[in-house]
Amino acid sequence: MKFHVLTLFPEMVEAALGTSITGRAMAKGIICLHTVNIRDFSLRGDGRIDDYPYGGGAGMVMQAEPVMRAWESLAGELPAQTRVICLNPQGRVFDQKMAEELAGGEELVFLCGHYEGIDERVLDEIVTDHVSIGDYVLTGGELPALVMMDAIARMVPGVLSNQESGQSESFQGGLLEYPQYSRPEDWRGKKVPAVLLSGHHANVDRWRRNQSILRTLRNRPELLKTVTFDKKDRKYLQALITGQAEDEITQEQAVFLSKLLAITEKS
Ligand code: ADE
């Protein structure tokens, strides 16, 4: 997987992607990073690439021509149909599904904006996807591009040392990840759940699945609407609703689950 990043801060992108797991993947050649400094394509002697917005208003706008020239400096080398992603809060919200889909491509281009935005005319010319990483406003597109590259890179075969860990984690199957514990068994009086020490693999799997369901219910209930529950899941959900499970839920969560079970039973 090769990432191309059009940015005003190449050193920021290189430093972050070159660290930890993505850095190791770069050293192995599994992923590649190529940055293009948009400032190198400034039309002015002072290296600036921004100007005032037509119509007035606060802030500055990145001009179309330097961005276009930065893009043209690499466009000739790219495979046809390479996606060009512009990071901005107006885009489609990034999620695990999009990360997996984008990890299937050979090369990706990220365009990182700054100031109040980029001249719309160049976006119309070169951008295939507008993507946001969430409903908040950052100072530039570099951090969102890094978030996306990290999530995409870990889906590329060979990037994670244990490919399994890419499978069982949060959002795989629509559920959040279950809690994890390591040594010691007793830490400051807090014990590891006994089932994890039992060596009974089926019970461990069941406990983990239940904890994933519980955590999703507590933190991200809306995700449960897309989960397919089997018989054993339903038994646990019923036990939660009737207060017979070891884990407690609120009245509001019980009502939510009852409705959910009624709906999924019909379909
Ligand atoms: N640029 C500024 N804020 C952003 C966000 N939330 N997502 C993507 N790009 C951005």
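The legends below describe several views of one predicted protein model. Because the model is predicted, local features need pLDDT of at least 70 and side-chain atom pairs count only at pLDDT 80 or more, while totals for chains, interfaces and linings use all residues. Residues are numbered from 1 along each chain as its sequence is written, and side-chain values use heavy atoms, with hydrogens and water left out.

**View 1. The protein chain in outline.** The chain holds nine helices and nine strands, which are DSSP runs numbered from the N terminus (helices H or I, at least four residues; strands E, at least two). Its radius of gyration, taken over C-alpha atoms, is 24 Å, well over the 18 Å that the globule rule (2.2 Å times the number of residues to the power 0.38) gives for 267 residues, so the chain is more spread out than a compact globule. Along its principal axes, the C-alpha trace spans about 75 × 45 × 40 Å.

**View 2. Two domains.** The domain assignment, which is automatic or from a database, gives domain 1 (2-164) and domain 2 (173-266). The centres of domain 1 and domain 2, taken over C-alpha atoms, are separated by 38 Å.

**View 3. The surroundings of N37.** Residue N37 belongs to strand β2, which covers residues 32-37. A polar atom of the N37 side chain lies 2.9 Å from the backbone nitrogen of R39. When neighbours within four places in sequence are left aside, N37 is in contact (heavy atoms within 4.5 Å) with T7, L8 and P10.

Conventions: A polar contact is a pair of N or O atoms within 3.5 Å; within protein, one must be able to donate a hydrogen and the other to accept it, and residues adjacent in sequence count only if both atoms are side-chain atoms.
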